[in-house]
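Dear colleague,

I am passing a structure on to you, together with some notes on what was found in it. Please look through the model first and then read on.

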Amino acid sequence: MSYLRNWFSFDTAAPPSASTLRTIPGSFTEEDDDDGSSTAGEDDVPPAFPALNSAQRATPSSSTPSTSHDIPIILSDDALMPPPPIPDLASRQPGVPRQIASSSLLAPMATTERPKKPSRKVVLAPGYGPLDWASLKSSGQDLRGVETLLRIPPSVLKMHNKKEDAWTAIHGKVYNISPYLPYHPGGEKELMRVAGRDGTKLFSLTHAWVNVDFMLDACLVGFLVSESYAS
C-alpha cells in the first residue's frame with residue numbers, strides 16, 4: 001500500500017529554478033523589455049522621396065517649376081498675339097454678294113435673299129409634290145440616264161435640250177432634269193429655259209436658297225468642262 005500513498009500525496013513539487021528554464025528564441029522575458037533608450041538619439045524624419053541617389057534626382061527635368069525668387073515676365077501689348085481676323089460672314093449684309101476670289105471650283109456669287117417679286121408657281125398634278133419626288137429619288141430608279149459620270153463640254157450640253165432629254169449645268173455640275181420636269185413648282189416651261197445650257201445665273205437669281213445638290217443629286221450625269229479639256 002506504500003505505493004498508493006505516493007500517488008495521493010499532497011506534497012507539491014518544487015518549482016524549477018530559473019537556471020533550468022530554457023529560453024525560446026523570439027519569446028519575451030522580463031530582461032528583454034526595451035524602454036527605447038537605445039534609439040533615443042535617432043531622427044524621426046521620414047525618408048526623402050524620390051531617394052537622394054535615384055535617377056529622378058540625377059536627371060534635371062525641364063518641367064521643374066521656377067523658384068519663388070524668379071520674377072514673372074509681363075508681356076507688353078506689342079508682344080502679345082494679335083486677335084484673329086473678323087470672319088467674312090460677320091460683316092456680310094443680307095442681299096449683298098460676297099467678294100470671293102475667282103476660281104472654277106467655287107460657286108459664282110449669289111444672294112441668299114429671296115427676290116422681291118416671287119416666282120410664278122403652277123398647280124402640280126396629283127402625285128408630283130415634293131414628297132413624291134423624294135420618294136422617287138429613294139426608290140432606286142435610274143434618273144441619270146448614264147452609266148458613269150461624264151466630262152461634258154458646252155457643245156455636248158447644248159445637244160440635250162429636248163423635254164425627253166434635257167440637261168442643264170448648275171455650279172459646274174450637269175444634271176438630267178427630264179425626270180424632274182413634272183415636279184418643278186414653277187412648271188415645266190420655266191425649267192426648260194435652262195435646258196441644254198448653263199443655268200447657273202438664272203438659278204442664282206431665282207433659287208439661290210435652294211440646295212440643288214440635294215434636290216437633284218440622283219440626276220447628276222457629270223461635270224461641265226471646257227472644250228479644250230474635253231478634247
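Strands β3 and β4 run antiparallel and are joined by 4 bridges, where strands (E, at least two residues) and helices (H or I, at least four) are DSSP runs numbered from the N terminus, and two strands pair if DSSP finds at least two bridges between them. Please keep in mind that this is a predicted model, in which local features need pLDDT of at least 70 and side-chain atom pairs count only at pLDDT 80 or more, while totals for chains, interfaces and linings use all residues. Residues are numbered from 1 along each chain as its sequence is written, and side-chain values use heavy atoms, with hydrogens and water left out.

Within this pairing, Ile170 has Lys173 in β4 as its bridge partner, and the hairpin of β3 and β4 has 2 residues between the strands, with His171 taking a positive phi near 55 degrees. On β4 there is also an antiparallel pairing with β5 (residues 220-224), over 3 bridges, in which Val174 stands opposite Gly222.

Buried here means under 20% relative accessible area, exposed over 50% and partly exposed in between, with a 1.4 Å probe and protein chains only.

Which kind of aromatic pair do Trp133 and Tyr183 form? Their pair is tilted, at 5.1 Å centre to centre with 50 degrees between the planes; rings of Phe, Tyr and Trp (its six-membered ring) pair if their centres lie within 6.5 Å, and planes under 30 degrees apart count as stacked, over 60 as edge-to-face and the rest as tilted. This pair links distant parts of the chain, 50 residues apart, with Trp133 in helix α3 and Tyr183 in the loop between β4 (173-176) and α5 (188-191). Both Trp133 and Tyr183 are buried, and together with Tyr128 and Tyr180 they form one aromatic cluster.

Finally, His160 counts as buried because its relative accessibility is 14%.
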